[in-house]
Amino acid sequence: MAREPETELPAEFFGPLDRSPGAVPLYVQIARKLEAAIATGTLVAGTRLENEVAMAKRIGLSRPTVRQAIQDLVDKGLLVRRRGIGTQVIQRPVARPVDLTSLYEDLEKSGNPPSTVVLSHRVEAADAETAERLGVPVGTPSLHLRRLRLVGSTPLALLHNVLPAPFTDITADELVSTGLYATLRSRGVVFSIAQQRIGAKAAEDSEAELLNIDPGSPLLTMNRTALDHSGDIVEWGDHCYRPDLYSFETTLISR
């Protein structure tokens with residue numbers, strides 16, 4: 001993934017700082033300015049801030065003061081420090097209801113417009129494992145997809161899906177412009193039921209690189225087999241999500 005350039009914040013960004021005795025501590029003033037910019041969207045998710053030394057010099061403060069301001073926002077879950085990346089504005093966590101919907105649809109509804117990078121898109125004959133997952137004969141054409149889902153410039157999830165022969169004509173361009181489930185519905189699919197399992201795993205090196213996290217970091221996982229109103233399997237998915245930005249929600253009813 002291409003790294004976002006650092007954003008230089010001039011002294012004017014922070015406005016006049018009150019340095020008088022008894023004033024609000026300078027680190028709090030700096031933290032409040034940054035927090036307000038994040039809340040209003042001036043600093044969007046994925047923005048990389050310049051390093052503390054450069055920022056301190058630019059606004060005429062000591063490095064410990066700037067460090068304390070940034071740490072305050074790290075503690076609030078607004079900024080994150082990552083080795084090799086620096087200090088970055090992070091996406092507010094997304095809580096997803098456990099319904100028969102797609103991640104794309106849930107992000108749109110939550111006010112977090114998603115974007116998609118199609119990492120692989122290929123049609124191949126179903127091997128024994130794929131055939132079992134889709135309930136089709138071995139050798140049947142199947143569409144294999146791997147996508148990276150982002151909010152702004154922040155990577156959120158890696159999505160691996162396999163679809164049976166009727167849907168091998170789905171193009172990569174369709175998946176960039178809309179979600180998989182919307183694409184399937186446009187082809188007449190009426191979703192009925194899904195079997196789903198939620199778990200966790202440690203990020204492999206390739207996953208960590210794509211999601212901008214450290215190798216071995218925890219990932220939230222979800223496996224799903226979705227069926228249409230006729231009882232036919234229309235897709236199998238194996239997805240992983242950054243748990244600092246994503247969670248599942250469900251309502252429990254007493255019986």
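**Close-up views of the predicted model**

Figure 1. The side chain of Arg48 meets that of Glu6 in a salt bridge, with an N to O distance of 3.6 Å. Because Glu6 belongs to strand β1 (residues 6-7) and Arg48 to strand β2 (residues 48-49), the pair ties together parts that are 42 residues apart in sequence. By the rule applied here, the count of salt bridges comes to 13.

**Figure 2. The salt bridge between Arg187 and Glu174.** The side chains of these two residues meet with an N to O distance of 3.0 Å. Arg187 is located in the loop between α8 (180-186) and β9 (191-202), while Glu174 is part of helix α7 (residues 172-177), so the bridge ties together parts that are 13 residues apart in sequence. Arg187 is partly exposed at 29% relative accessibility. Glu174 is also partly exposed, at 22%.

Figure 3. A salt bridge links Arg242 to Asp244, and their closest N and O atoms are 3.0 Å apart. Arg242 is buried, with a relative accessible area of 2%, whereas Asp244 is partly exposed, with 35%. In another set of salt bridges, shared partners join Glu52, Arg63, Arg67 and Arg81 into one network.

Figure 4. Strand β3 (residues 79-82) and strand β4 (residues 86-89) run antiparallel and are joined by four bridges. Arg81 has Thr87 of β4 as its bridge partner. Arg81 also belongs to the salt-bridge network with Glu52, Arg63 and Arg67. Three residues lie between the two strands of the hairpin, and Gly84 in the turn has a positive phi of about 85°.

**Figure 5. The open sheet of six strands.** The strands follow the order β6-β7-β8-β11-β10-β9, and their pairing is antiparallel. At the edges stand β6 (114-125) and β9, each with a single partner strand, so one side of each is left without a neighbour in the sheet. On average, neighbouring strands of this sheet are turned by 15° against each other, direction ignored. In a regular strand, side chains alternate between the two faces of the sheet.

**Figure 6. The pairing of β9 with β10.** Eleven bridges join β9 to strand β10 (residues 218-228), and the two strands run antiparallel. One of the paired positions is Phe191, whose bridge partner in β10 is Asp228. Strand β9 stands at an edge of the open sheet, and β10 is placed beside β9 in the strand order.

Figure 7. Glu204 is found in the loop between β9 and α9 (205-211). Glu204 is partly exposed, with a relative accessible area of 47%, a value that does not pass the 50% limit for exposed residues. From Glu204 to Asp214 the C-alpha to C-alpha distance is 9.1 Å, and the two residues are ten residues apart in sequence.

How values were computed: Residues numbered from 1 in each chain as written. Predicted model: local features only at pLDDT ≥ 70, side-chain atom pairs only at ≥ 80, totals over all residues. Heavy atoms only, no water. Salt bridge = Lys/Arg side-chain N within 4 Å of Asp/Glu carboxyl O. Buried < 20%, exposed > 50% of the residue type's maximum accessible area, 1.4 Å probe, protein only. Pairing = 2+ DSSP bridges. Axes fitted to C-alpha atoms, helices over the stretch in contact; angles between N-to-C directions.
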